[in-house]
Amino acid sequence: MAPSPQDPAAAAPRRKVSRHRGEGQWAVGHHTPLNGNEQFKKDDDGLNVRTRIETIYSKRGFDSIDPNDLRGRMRWWGLYTQRKPGIDGGKTAVLEPEELDDKYFMLRVRIDGGRLTTAQLRVIGELSQEFARGTADITDRQNIQLHWIRIEDVPEIWRRLEDVGLSTTEACGDTPRVILGSPVAGIAEDEIIDGTPAIEEIQRRVIGNKAFSNLPRKFKSAISGSPLLDVAHEINDIALVGVEHPEHGPGFDLWVGGGLSTNPKIGVRLGAWVPLDEVADVHEGVISIFRDYGYRRLRNRARLKFLVADWGPEKFRQVLEDEYLGRKLLDGPAPEQPVERWRDHVGVHRQRDGRFYVGFAPRVGRVDGATLAKIASVAEEHGSGRVRTTTEQKMIVLDVEGDRVDSLVAGLEALDLRVSPSPFRRGTMACTGIEFCKLAIVETKARGSALIDELERRLPEFDEPITINLNGCPNACARIQVADIGLKGQLVVDENGNQVEGYQVHLGGALGLEAGFGRKVRGLKVTSKELPDYIERVLRRFEAERADGERFAAWAARADEEALS
């Protein structure tokens, strides 16, 4: 019988029925590669490219490199081609990869937990000066990146790094990336639990292990026992943060499925308490779920956050327990709200052993090889053999005796490394930007540095914590969505109708237990030239309109659009 006119089926358009190809999940039998990335990974494990680099490419030069190695597998060893100089941002999405490629590389040195000896830091500084034209950037994932690297020099760089216990193994690629850790693990007076043994065990089990070297896409991990929640746990694929269980004592609260880029998601708690000696098991279980059930069909859905969103935390925990751990996890408490509003450890702080650690702020993470070597020397002169990098593009010198603190601070300040920085120096981060990155549309590092100077000049009395994050493209390497003021690089039209570099503005993002994404004011885009004027205007309005003790993120969430434009 035909449907009546009132029947919804009568009015609904007929849908084309097509066979669902699946999401490329190995665990449900989808092993056929569904895109070029999955194909080259199936053809040869990315870890195998090291032999070709050492025996062929470093001897025959850049032009001898196979394209699937050049733009694919070499990432498994921390190598990306950098952007050819002189290509403007309007051509980023237009040119073919080979037209964007320079014959030099960015090399990422992997620094799990941000842990470095001064000897290791000095070697990185020396490599920068000898092979990287003096370049060095501290990233917001605790790594250090060098630029202008020639393929001919890579084997020697690896040899020197590995001689001091460093590596570039799986610093990039569809792999388990660097494991973030509290930079004051094992020394902070207020630490709940030291996650260092877990990080070391995960490194031993996972890094360089071919069981985990072909993931759907990158996998980011974070472990911290600090009550400051100092590893941006909300935006990692897996994070374990310190909590005190009322019956079992200190351990970790488990989070999964965080990430930013063009589809940002805050990680979710699984409600599980994990003791220190089980952290590596749980980490291995979660990364195995990603490997087996992760979506491989489309690159823009090949992150754990999409699987977690589709499954929900209850199913994810059940699969983890039943299929990978073979046991139930204990329920546990959530972490407490941090007392401190900064989580970067900048300043002078007492250690649990009575000595001090001193955190300092370079400009937007940009240093240079000579400065890194000088930091190592200054630290050693003041009795320290250990330094740390942070997730805020900062550094810390550990183990300083009380009577040596003032001298150390003076030595760092002489290098333009501020121990008591302005909120603008302290809170401004920037990604690599168009200077080196093939995905970038605008400049970031120099602009961020100049913005610090201008805001310090215009607003010398401003003393509220404020984060200003500049990103050269939509991919959010500098965490624009969770900054007080997030600036996403794009081309905009100026008052004369010309297309120029500028930013889409995100306001009021935050990390912490009040984590959330900033709001976008309709049509609000700012040219690079207008940026200091705009930020000054918004911050002055914040100071005038804020309630007592109100943070910028809370004010931005309630302010009307006129106040934010």
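**Sheet and helix packing in the predicted model**

An open sheet is built from five strands in the order β3-β15-β16-β13-β12, with antiparallel pairing; strands are DSSP runs of E of at least two residues and helices are runs of H or I of at least four, both numbered from the N terminus, and two strands pair if DSSP finds at least two bridges between them. The model is predicted, and local features need pLDDT of at least 70, side-chain atom pairs count only at pLDDT 80 or more, and totals for chains, interfaces and linings use all residues. Residues are numbered from 1 along each chain as its sequence is written, and side-chain values use heavy atoms, with hydrogens and water left out.

The edge strands of this sheet, each pairing on one side only, are β3 (115–117) and β12 (347–350). Direction ignored, neighbouring strands are turned by 25° against each other on average. Strand β3 runs antiparallel to β15 (residues 386–389), to which three bridges join it. Leu116 has Val387 in β15 as its bridge partner.

A further open sheet of five strands has the order β1-β2-β5-β4-β14, and its pairing is antiparallel. Here β1 (79–83) and β14 (366–368) are the edge strands, each pairing on one side only. The twist from one strand to the next averages 35°. Within this sheet, β4 (residues 135–138) and β5 (residues 144–149) pair in the antiparallel sense over two bridges, and Ile138 stands opposite Ile144 in β5.

Helix α6 (residues 118–131) lies across β2 (101–109), β4, β5 and β14, running at about 20° to β5. Helix α6 also lies across β3, β15 and β16 (395–400), and its direction is at about 85° to β3. Axes are lines fitted to C-alpha atoms, for helices over the stretch in contact, and angles run from 0 to 180 degrees between N-to-C directions; contact means heavy atoms within 4.5 Å.

Helices α8 (residues 196–206) and α9 (residues 279–293) pack at an angle of about 45°, and their axes are 9 Å apart. The two helices are therefore oblique to each other, given that angles under 35 degrees count as roughly parallel, over 145 as roughly antiparallel, 65 to 115 as roughly perpendicular and the rest as oblique. On the α8 side the contact is made by Ala198, Glu201, Ile202, Arg205 and Val206, and on the α9 side by Val279, Ala280, Asp281, His283, Glu284 and Ile287.
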